[in-house]
2 protein chains.
Amino acid sequence: MNAESILYQHLEMIDNEIKSIFEKRMFPKPLYDMMKYHLGWLDENLRPIEQYRGKRFRPTLCLLTYNALSGVYDKALPAAAALELIHNFSLIHDDIEDMDEERRHKPTVWKLWGVPHAINVGDGMHVMANLAALNLRDRNVTESKIVDVLAILNNTVIELCEGQYLDMDFEGRTDVTPEMYIDMISRKTAALIEASTHIGAILATNDESTIKHFRAFGRKIGIAFQIVDDILGIWQDAKKTGKPHASDIKNKKKTLPVLYAFEKASKEDRETLIEIYEKESSSEEDIKKVLHILEKVNAQTYSRRIADKYEKEAISHLEKTGINNEAMEKLKILADFLIYRTY
Amino acid sequence: MNAESILYQHLEMIDNEIKSIFEKRMFPKPLYDMMKYHLGWLDENLRPIEQYRGKRFRPTLCLLTYNALSGVYDKALPAAAALELIHNFSLIHDDIEDMDEERRHKPTVWKLWGVPHAINVGDGMHVMANLAALNLRDRNVTESKIVDVLAILNNTVIELCEGQYLDMDFEGRTDVTPEMYIDMISRKTAALIEASTHIGAILATNDESTIKHFRAFGRKIGIAFQIVDDILGIWQDAKKTGKPHASDIKNKKKTLPVLYAFEKASKEDRETLIEIYEKESSSEEDIKKVLHILEKVNAQTYSRRIADKYEKEAISHLEKTGINNEAMEKLKILADFLIYRTY
């Protein structure tokens, strides 16, 4: 049992739930087809295709949390679908905001159909998430819990917007500290992962302590997840991923290793960093210089240590629930995968 | 008692409710300040200002419907705030999609802070609408009704996205019929006005027939509202509005008067229309030609007649509720204002 097989086990269940929402909305077809393209169900010509569709990582966390507490999946499915749709709505809009032309080796929605349609497609996906959650009504979930789920989801989306604002704001600044960065990714990435385990838990139990531990587990693996993403964005094996070497350095993203270097580098190196990060675009020579400074301050080791710390805390929250079963084992395997993945 | 004074009576109540949601979210301040700018509370330098903020037409309809059935306002306020926030989120994104640089005589959000921030600000406003509706929890509204309100709101927003898709799609087509156009504005404009009266009614009563009539009232004044907008977009007094003469003709919008002319014009005139509407931009001469063809087929009279028909049907739904009180009188005055307004 490895992480890939666990994610694969839940993929069809999640996609079938998402499809059930799309079955209720048919017109205008191209609007929904663009959403389906982004979800990986259709190709660029809007014909059905079998291909890699993404990990469906957030809904799987929600389902496993619910399963760990209840032994079944059914009542968590509408919420799981909602979480995946929120994630995808934010990707569609992020791709426009960052001008990213490719995602999962395919052209982004705005690249294919233009910015105006892509904004509208993202807005549509955003609503579909709330409509998905409202399908909890068909699963014999109390209205009180449905309102709780909708409150968690919407409080999470506003955190995503806050994180996205900060991320864009940081681009033009050289005074960002690692603490400010952790706060930013906590909103932009960890909030939705926390919502996944939080919602899985509240649908299964009213026990405050259990809910609290699952929530903390989600928030902490969310932060670790993003830090590992940042490490991979600089040092991952370019051959394995198809992404250019040191792409986050090239794009001058202010991720944790870089911010740490800004703090820890010698006065001279710090000036070099500021100079490079204030330029319009960086040369190969600049990238080499940055990588060398990161190495001097051990930025990778530092970042890895922070990610490990968050992951250990996350696992200890899982253990504090006192629950032991197959779903709990799977959650631990997923948490480990997040930290030790190489792509 | 005229429409302006009725709208003005409800303005502070609505804005105070919206402000109460913003008080719960403070950081990052510039994100929320951009939303407040769009809502008319701050100027371009993000300083507080007293100015015209928009009609707050949709929330006023919601409040008056609720008041007509209950005699009070309180429980409808969170929903009224949500309706206004949905309207404003859609304006922020529409302004980007249409590249409109001004709204209410002020620069649009994207014009001031760029497209990436404007997309994110719109997304934030979209979530704030759901958070506003969730404040119904503080007003002693049953969870069952809260779920109903959220379902109506979200089913309305997906209709907005469908209407927006169709509107953009129609721009490049010359085969759009008046029927297709009514379907489009029914989603893009009327759905949210229907939601306003629908939600006002369901919060106050469980009587199916009453709810049905208020809903139909909303949908029909919504359609009439948009058709009048289209008439004003071609024939309104340029001096009064500050907008250029025949601006919708200049921008080649496929509104009802134009679509009617496409259908009713002589073969020769129809070819002239197609030729002009397929060109990249229209000259003063082109605009004159289009206006002349519209006049020949009586497109303004036709459009006015359709708007009147919808408004009469709307009023008859109000009358069928059998309710007579001050709030009902105000709803009628607002419906009349929509039809006979000159700006």
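How many residues of chain B are in contact with residues of chain A? Let's work this out together, with two more exercises after it.

This is a predicted model, in which local features need pLDDT of at least 70, side-chain atom pairs count only at pLDDT 80 or more, and totals for chains, interfaces and linings use all residues. Residues are numbered from 1 along each chain as its sequence is written, chains are lettered from A in the order in which they are written, and side-chain values use heavy atoms, with hydrogens and water left out.

**Exercise 1. Describe the interface of chain B with chain A.**

Step 1. Contact means heavy atoms within 4.5 Å. By that rule, 44 residues of chain B touch 45 residues of chain A.

Step 2. Next comes the buried area (the accessible area, with a 1.4 Å probe, that two parts lose on being put together, summed over both). Between chain B and chain A it is about 4000 Å², and carbon and sulfur atoms give 70% of this.

Step 3. B:Val147, B:Ile158 and B:Tyr165 supply 15% of the area that chain B buries against chain A, more than any other three residues.

Step 4. The copies meet through the same surface, because 100% of the interface residues of chain B are also interface residues in chain A.

**Exercise 2. Find how chain B is related to chain A.**

**Exercise 3. Describe how helix H3 of chain A packs on helix H16 of chain A.**

Step 1. Helices here are DSSP runs (H or I, at least four residues), numbered from the N terminus. H3(A) covers residues 57-70 and H16(A) residues 326-340; they pack at about 150°, with their axes 8 Å apart. Axes are lines fitted to C-alpha atoms over the stretch in contact, and angles run from 0 to 180 degrees between N-to-C directions.

Step 2. Angles over 145 degrees count as roughly antiparallel, and H3(A) and H16(A) are therefore roughly antiparallel to each other.

Step 3. Among the residues making the contact are A:Phe57 and A:Leu61 of H3(A), and A:Leu331 and A:Leu334 of H16(A).

Key. Helices (H or I, at least four residues) and strands (E, at least two) are DSSP runs, numbered from the N terminus. Angles under 35 degrees count as roughly parallel, over 145 as roughly antiparallel, 65 to 115 as roughly perpendicular and the rest as oblique.
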